[in-house]
Amino acid sequence: MSSESAFPIPRRRFLQAGAAFAAASFLPTGVSTGAGVDERRLTVAPGRAAMLGKGNPETDVWTYGGVFPGPLLRLRQGEPVRIVVENRLDEDTTVHWHGIRLPNAMDGVPGLTQPPIRPGESFVYEFTPPDAGTFWYHPHANSLEQLGRGLAGVLIVEEAKPVAVDRDLLWVLRDWRVTSEGQIASGFGNMMEAGMSGRVGNTITLNGTVPGDQPIRAGERVRLRLVNVSLARIMSLRFEGHAPVVIAIDGQPCEPHKPDGGRILLGPAMRIDLLIDMKGEPGGRYRVIDDFYEGLEYELTRLAYSDAVPVRTRFPEPTALPMNPLPEPDLSAAERHELILEGGMMSRMMGSGAMGRGMMEGMGGMMGVARAMWSINGTSMTGDGHADMPPLFTLARGKTHLITMRNRTAWWHPMHLHGFSFRVLTRNGVEVPHRQWADTVLMAPEDTVEAAFVADSPGDWMLHCHVTDHQMAGLMTVLRVRDAEQER
Ligand code: C2O
Ligand code: CU
Ligand code: CU
């Protein structure tokens, strides 16, 4: 199949930058686009970020809109938006709207759902977010380097009725591998890392800078949106002296609950919305600790209370967020599928010499990632989005699909499905409580997870590990959703 025929994309979406500028000089933005459509612009370009704080050099980064994190896009649930993305990098890019349920042609995977946006060109994304919640956006071309150099931003879809909290806070968390000169270290796609935990960095930022204290007023109730946009770092956060309540996972509301052991596990690409009642003492300092990696515990930041008297001393029960209009899986009629994750260092496969078929095929893969280290059902799809990504399964549209994922590796994997939110049903045979939906499920070594969703949206959808090195080195596949009568 030629890659051209796979793109039923109207020509008008695919503007030359020159043409866009010419049009802009005649028509102010908004006039040409028809009334009522919310239009945003995102420019992808190199920039500089003062992430290391005062007295340190600025870091060269790649940015959306000149800043890291990229502009916070606040959208309204059920209202159409048009986002014009202009590529001023020297290489192809795309934008993927992580977690948003949208038409396949807007999903931002080059070669699979759209042509790449070439340098100097633009692409117009149009969709209507059906779900309120915390989402994010990032490239899906050369992701290891593009995300690694700073291309990431957050997208908040607001609830129709504002949620009753005193403040709505956002912490965009990530790490970077920074040299002693304060620049981003090269060496993306190191095979050793690709077969282990991925490119974990040495410098953590919160909303784009090495974190200082977070100002807090005693007695306030805060909604805190956590987003981990790291390439590989998994976080496990503990709020000393506080009892956060999880109210949403990957943008989707769940039954409000205290996390196990008070720890909030946040793998790459995952989001957790918390409700935190600030019951600390005025003037107090409370540490927020990340202790995911054994022996590498560190203080992420501190909740720094002002001396002001508490806003309140009695707090109402936490209330659940309004549910989004997700189609409920019908488990009695579900079609079952199995995904087996294998590979990596210290795996069973390495010893047995049973390299998957695709492991060999994957060699000499895309984007300079030379070797497949991982596989799904024996096949390694390597690199980033590219032409000719054959689907592993075809899923009948409109049906419930129950997917069992088995992690037969010695490593953690945040497994992400594009285009859908799924119900996480069980983990290692134990029912997962609190009605949890997710688009990215973090799997510990040897974990088995069952998840279900209604395949209501046709197209080719990626499923991959969001440790970017793992994705590049083969932990990626494609699921095709289409009408049952189209099956042969
Ligand atoms: Cu954040 Cu392919 O996804
Ligand atoms: Cu995604
Ligand atoms: Cu992984």
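Q: What spacing do the donors of the copper ion (ligand 3) follow along the chain?
A: In this predicted model, the copper ion (ligand 3) is coordinated by His 413 through ND1, Cys 465 through SG and His 470 through ND1, at 2.0 to 2.1 Å. Read along the chain, these donors follow the spacing H-x51-C-x4-H.

Q: How many residues apart in sequence are the parts that the pair His 413 and His 470 ties together?
A: His 413 and His 470 both coordinate the copper ion (ligand 3). Because His 413 lies in strand 24 (residues 413-417) while His 470 lies in helix 6 (residues 468-472), the pair ties together parts whose separation in sequence is 57 residues.

Q: Is His 470 buried or exposed?
A: A residue counts as buried when its relative accessible area is under 20%. His 413, with a relative accessible area of 0%, is buried. For His 470 the relative accessibility is 1%, and this residue therefore counts as buried.

Q: Between which domains does the largest pocket lie?
A: The largest pocket, with a volume of about 710 Å³, is lined by 26 residues, and Asp 260, Leu 265, Arg 427, Val 432 and Gln 436 are those nearest its centre. Since residues of the lining come from both domains, the largest pocket lies between domain 2 (168-305) and domain 3 (331-487).

Q: How many residues of the lining of the largest pocket are nonpolar?
A: Several strands each supply at least two residues of this lining, among them strand 14 (245-249) and strand 25 (422-427). Divided by kind, the lining of the largest pocket has 5 charged residues, 4 polar ones and, as the nonpolar group, 17.

Methods. Residues numbered from 1 in each chain as written. Chains lettered and ligands numbered in written order. Predicted model: local features only at pLDDT ≥ 70, side-chain atom pairs only at ≥ 80, totals over all residues. Heavy atoms only, no water. 1 Å grid on protein atoms, 1.4 Å probe; cavity = no way out; pocket = protein on both sides within 12 Å on 5 of 7 lines; lining within 4 Å. Points joined across faces, edges and corners; volume = space filled by probe spheres on them. Helix = DSSP H or I, 4+ residues; strand = E, 2+ residues; numbered from the N terminus. Nonpolar A, V, L, I, M, F, W, Y, C, P; charged D, E, K, R; others polar. Domains from an automatic or database assignment. Donors = N, O, S within 2.8 Å, 3.2 Å for Na, K, Ca; no water. Buried < 20%, exposed > 50% of the residue type's maximum accessible area, 1.4 Å probe, protein only.
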